[in-house]
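The sequence and structure come first.

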Amino acid sequence: QFVPFDALKGFREALAEKERVTVHRKELSEDRKAELDGILHNIHHMDIITAEYFRDGEYLQVTGEFSGIDEISRMLKIAGVLIPIDDISDLLI
């Protein structure tokens with residue numbers, strides 16, 4: 001019967017975005033990049049892995065079943081989430 005009225009559409013979302021703490025992207029050393037590349041080459045379909053990656057000013061983690069790598073678009077797929085390989089900062093098998 002009563003529908004909440006939001007006089008300022010998007011105001012709550014804008015406040016939440018402003019309160020979000022952003023971080024700078026880590027620069028990985030060449031050794032670390034090589035280590036991550038080695039891990040990527042040793043992952044098998046259906047392995048359970050955790051990936052830490054940078055997106056929109058924050059580091060996120062996803063844990064789940066590895067589905068594959070799209071070599072052309074350079075994307076890793078874990079638990080239905082597509083992650084750009086260049087944004088990955090850590091991988092755990």
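Which residues does T50 touch, not counting residues up to four places away in sequence? T50 touches Q61, V62, T63, D90, L91 and L92, where contact means heavy atoms within 4.5 Å.

The model is predicted: local features need pLDDT of at least 70, side-chain atom pairs count only at pLDDT 80 or more, and totals for chains, interfaces and linings use all residues. Residues are numbered from 1 along each chain as its sequence is written, and side-chain values use heavy atoms, with hydrogens and water left out.

T50 lies in strand β1, residues 48-55; strands are DSSP runs of E with at least two residues, and helices are runs of H or I with at least four, numbered from the N terminus. The table gives their relative accessible areas (buried under 20%, exposed over 50%, partly exposed in between; 1.4 Å probe, protein chains only).

| Residue | Relative accessible area | Class |
|---|---|---|
| T50 | 16% | buried |
| R55 | 30% | partly exposed |

The side chain of T50 makes a polar contact with that of T63 at 2.7 Å. Such a contact is a pair of N or O atoms within 3.5 Å; within protein, one must be able to donate a hydrogen and the other to accept it, and residues adjacent in sequence count only if both atoms are side-chain atoms.

The R55 side chain reaches the backbone oxygen of L82 at 3.2 Å. Leaving out residues up to four places away in sequence, R55 touches L60, L82, I83 and P84. Between the C-alpha atoms of R55 and R25, 30 residues apart along the chain, the separation is 9.0 Å.
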